[in-house]
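I would like to walk you through one protein model, going from its overall layout to a ligand, a pocket and a few points of backbone geometry.

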Amino acid sequence: MEIILGKYGELALKGLNKNQFENSMVRTIRKRVERCGEFNVYTAQSTVYVEPENDDADIDAAYEQIRRVFGLSAVVRAAVCDKDLDAVCETAEAYLGDSLDRVKSFKVNSKRADKKFPLTSMELSREVGAYLLDRHPELSVEMKDPDMTVICEIRDNAAYVHADQVPGAGGIPTGTGGKVACMLSGGIDSPVAAWKMARRGCDLVCVHFQSPPYTGERALYKVERLAWQVSRWAGRVCLFEVPFTDCQVNIRDNAPEDYFTVLMRRSMMRITQMIAEREECGAIATGESLGQVASQTMSAIRCTDIVADMPVFRPLIGDDKVEISECARNIGTFDISIEPYEDCCTIFTPKHPRTKPVLGSIEEAEKGILGLYEMETAAADSSVLKVIHFYDEDFV
Ligand code: ATP
Ligand code: MG
């Protein structure tokens, strides 16, 4: 029988209550594999076991799901057998024999969690190694840097044989970090920022500003697809779509042109905060990175930060565009982000925005924009919520 093992690092266990951690993990994994057939999901010895209950269970699909579950440092598919030397040898050959034919060198590593097992780890490795070498005489045994490692684990309930494990999604289990309101544009950066917040265990409430008729249906659909792509890791994303045109037009018509960008960002921040409070979020997150554009200088960030009275996280603040793009490719948002649809940020943008706005003058200019706060409240009130799940098929 084949099974999936998910391992969580000790690091994560230190900072969090172990039970809460395990419960969230098991709950998330159960939900993720629900559509792949019947699986028994349980934890033991800092490992999550995902065991198919019958032949209909699609273990390939379950494996793909589990690789995107936060809180697991490594994921591996393994064959299960009796805790008995012959069984382990035969299982190793049956399960990994074909892979061994494709490499030149190997070694066997054993871990014995059950100390009642009659052989030590060293002895078990040696026996299994000899058995495999017998059947693949062209192989060499290489302790340092072999092409393939055969791993035998003797645990409480059974023995498990597998090849090298692959890295899991890392981070902390979803649902253990509280809710965060992520400002999500159609760009490359903010989906990565949202993904990083989810990786720290946060549930995502995404807020997207749109400016019809300047931005269209396609741009909105693009953002929904970005949210869906992130939900394939986060499990679920609540997306608030905020009509922002009135606020933008009001700012454009009633403030100096070079203040437009900062004033617009303050306005977005206030609306996000209103939604964040209603949704009981503990913080706001954006995809800003220091110095990337005019609105992301320290003084510009100061001018926007000050209108929020909850923490504003910027998980990309120290990242280069190259690093952010690489992450976007890995999580599958990059190709969606580069599709060419207008974002509300790019309309009315002045040719020469202030890179060093002075807070006092910005506040002064804002006072001259009559009715702005009322418009912001109206925008938050008329925002539309879409709940997007990892299994939704509209966005594939
Ligand atoms: P991104 O790639 O995320 O769009 P950017 O480098 O284009 O970022 P800006 O356009 O200045 O930078 O936006 C900075 C941040 O403000 C974004 O990362 C995002 O968090 C937020 N933001 C910008 N536009 C929107 C929008 N239309 N809706 C919601 N949030 C937005
Ligand atoms: Mg942008």
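The C-alpha centres of domain 1 and domain 2 lie 43 Å apart, and please keep in mind throughout that what you are looking at is a predicted model. The domain assignment places domain 1 at residues 2-167 and domain 2 at residues 179-389.

Two or more lining residues come from each of α2 (18-33), β11 and β12 (236-243), and α2 gives the most, with five residues. If we sort the lining of this pocket by class, we find six nonpolar, six polar and seven charged residues. As for how such spaces are found at all, rolling a probe the size of a water molecule over the atoms shows where empty space is left.

Let me turn now to ligand 1, which is surrounded by 22 residues, the closest being Met 183, Ser 185, Ser 190, Arg 265 and Gln 292. Which atoms of the protein come close to its oxygen atoms? A backbone N or O atom of Met 183 lies 2.7 Å from an oxygen atom of the ligand, and a backbone N or O atom of Gly 287 lies 3.0 Å from an oxygen atom of ligand 1. With Gln 296 the contact is made through the side chain, where an N or O atom is 2.9 Å from an oxygen atom of ligand 1. On its own, ligand 1 has 580 Å² of accessible area, and the protein covers 90% of it.

The shell around ligand 1 receives at least two residues from each of α6 (189-199), β11 (203-210) and α9 (260-278), with the largest share, three residues, coming from β11. By class, this shell has nine nonpolar, nine polar and four charged residues.

The peptide bond from Pro 212 to Pro 213, however, is cis, with omega near 5°, and Pro 213 sits in the loop between β11 and α7 (217-234). Ser 46, which is not a glycine, has a positive phi, near 55°, and its place is in the loop that runs between β2 (39-44) and β3 (47-52).

Terms used: Residues are numbered from 1 along each chain as its sequence is written. Chains are lettered from A and ligands numbered from 1 in the order in which they are written. This is a predicted model: local features need pLDDT of at least 70, side-chain atom pairs count only at pLDDT 80 or more; totals for chains, interfaces and linings use all residues. Side-chain values use heavy atoms; hydrogens and water are left out. A residue is near a molecule or strand if one of its heavy atoms lies within 4 Å of it. A polar contact is a pair of N or O atoms within 3.5 Å; within protein, one must be able to donate a hydrogen and the other to accept it, and residues adjacent in sequence count only if both atoms are side-chain atoms. Accessible areas come from the Shrake-Rupley method with a 1.4 Å probe; for residues, only the protein chains shown count as cover. Helices (H or I, at least four residues) and strands (E, at least two) are DSSP runs, numbered from the N terminus. Ala, Val, Leu, Ile, Met, Phe, Trp, Tyr, Cys and Pro count as nonpolar, Asp, Glu, Lys and Arg as charged, and the others, Gly among them, as polar. Domain bounds come from an automatic or database domain assignment.
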